[in-house]
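Reader: I would like to learn how to read a structure like this one. Please take me through its features in turn.

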Amino acid sequence: SLSNQRYSPLDQINRDNVAKLKASWRASLNGSGLSPRSGNQAQPIVYDGVVYIMTGENDALAVSVETGKVLWEYEAHID
């Protein structure tokens, strides 16, 4: 929600079928997100078949929803 409550009114996934979920792909973020400050990453945004990810190192990545392939990456290099 807009209040960051991590609640969705959608009902396709529920207590009866959640255990049957399986990953379709896994994306490598090229080592970004491994440092101690990585707990500060933002929530991913999904738009038009692309997941936009911001890591704790301020790197931004675009990942295909269909394949998990990294489409582009911006490395901030903030010290």
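**Fold, surface and patch**

Author: Along the sequence, the protein reads β-β-β-β. This is a predicted model: local features need pLDDT of at least 70, side-chain atom pairs count only at pLDDT 80 or more, and totals for chains, interfaces and linings use all residues. Residues are numbered from 1 along each chain as its sequence is written, and side-chain values use heavy atoms, with hydrogens and water left out.

Reader: How many helices and strands does the protein have?

Author: Helices (H or I, at least four residues) and strands (E, at least two) are DSSP runs, numbered from the N terminus. Here there are zero helices and four strands.

Reader: What percentage of the residues count as buried?

Author: Buried means under 20% relative accessible area, exposed over 50%, partly exposed in between (1.4 Å probe, protein chains only). Of 79 residues, 19% are buried.

Reader: Which residues make the nonpolar surface patch?

Author: Patches take residues with over 30% relative accessible area and no salt bridge; nonpolar side chains (Val, Leu, Ile, Met, Phe, Trp, Tyr) are joined within 5 Å, like charges within 9 Å. A salt bridge puts a side-chain nitrogen of Lys or Arg within 4 Å of a carboxyl oxygen of Asp or Glu. In this protein, I45, Y47, Y52, L71, W72 and Y74 form a patch of about 690 Å². β1 (45-47) and β4 (70-74) each give two or more residues to the patch. The largest share, three residues, is from β4.

Reader: Where is W72 found?

Author: W72 lies in strand β4. W72 is partly exposed, at 43% relative accessible area.

Technical notes
Accessible areas come from the Shrake-Rupley method with a 1.4 Å probe; for residues, only the protein chains shown count as cover.
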